[in-house]
Structure formats: C-alpha cells, structure tokens
Amino acid sequence: MGETQAGLVGGSPQYIGITQAPGLPPYPEVMLESLVDDVKAAGARYLLAAGDISAEALPVDLSRAGRLLTRFGDYRQDYFVMRGNHDRAHIGDA
C-alpha cells in the first residue's frame, strides 16, 4: 500500500516502472484485493502475507491493508502478516 510505481530498481533509469492509469484504484489495492479473492476461491484455510505490505509504513496504508486482508478472515487466526523491510518508518522516529 502507498506505492505509486512498481518496478523501480535502485533508481536505474533503464527500468521503467508500472503505474496505474489516472482515476483507477491504486494498483497495490487491486493486487491485494485480487490476492484475497483468489486464495478464498481456492479454498485456502490460511493466508500468510510475507511482508512489504506497505511502501513506507504509513498508518493510512497499513490500515487499508488490514481492512483488505480482513476480507479473508480474522487476523492471527485466519491470516498472518510478516513485516517486510518496507513495513517500517523510513523517516522520523523509528
């Protein structure tokens, strides 16, 4: 959540990231909604989100991710989240 361009590789200019068309839902939300829908449709009993849920650990992004993941079930009962290196404050008080 919170990322506006995918596929950036260390500022390398030869790699052009992917952005969502204006007016459409942000692609991280589309991807997370699709993940939840797909694993539910497949009959998965548990969901493990393996980190990097957010771009900068902003509370608004983490809250949105939590609301989308809750569509799968209850936190720490049906789904579990690992913290990735992006899921921490990159500026300010850690």
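Residues are numbered from 1 along each chain as its sequence is written, and side-chain values use heavy atoms, without hydrogens and water. In this predicted model, local features need pLDDT of at least 70 and side-chain atom pairs count only at pLDDT 80 or more, whereas totals for chains, interfaces and linings use all residues.

Helices (H or I, at least four residues) and strands (E, at least two) are DSSP runs, numbered from the N terminus. In helix 2 (residues 59-69), D61, A65, L68 and L69 are buried (under 20% relative accessible area; exposed, over 50%; partly exposed, in between; 1.4 Å probe, protein chains only). These residues cover an arc of only 95° around the axis and therefore lie on the same side of helix 2. P59 and V60, on the other side of helix 2, are exposed.

The structure holds 2 aromatic pairs (ring centres of Phe, Tyr or Trp, the latter by its six-membered ring, within 6.5 Å; planes under 30 degrees apart are stacked, over 60 edge-to-face, the rest tilted). The Y46 and F80 rings have centres 6.3 Å apart and planes at 50°, so this pair is tilted. It links distant parts of the chain, with Y46 in the loop between helix 1 and strand 1 and F80 in strand 2, 34 residues apart. Y75 and Y79 form a tilted pair, at 5.5 Å centre to centre and 45° between the planes. Y79 is buried at 4% relative accessible area, while Y75 is partly exposed at 45%.

Y46, L48, F80 and M82 make a nonpolar surface patch of about 420 Å² (residues with over 30% relative accessible area and no salt bridge; like charges joined within 9 Å, nonpolar side chains (Val, Leu, Ile, Met, Phe, Trp, Tyr) within 5 Å). A salt bridge is a side-chain nitrogen of Lys or Arg within 4 Å of a carboxyl oxygen of Asp or Glu. L48 is exposed, at 54% relative accessible area.

Notes: Accessible areas come from the Shrake-Rupley method with a 1.4 Å probe; for residues, only the protein chains shown count as cover. The arc is that of the directions from the helix axis to the C-beta atoms.
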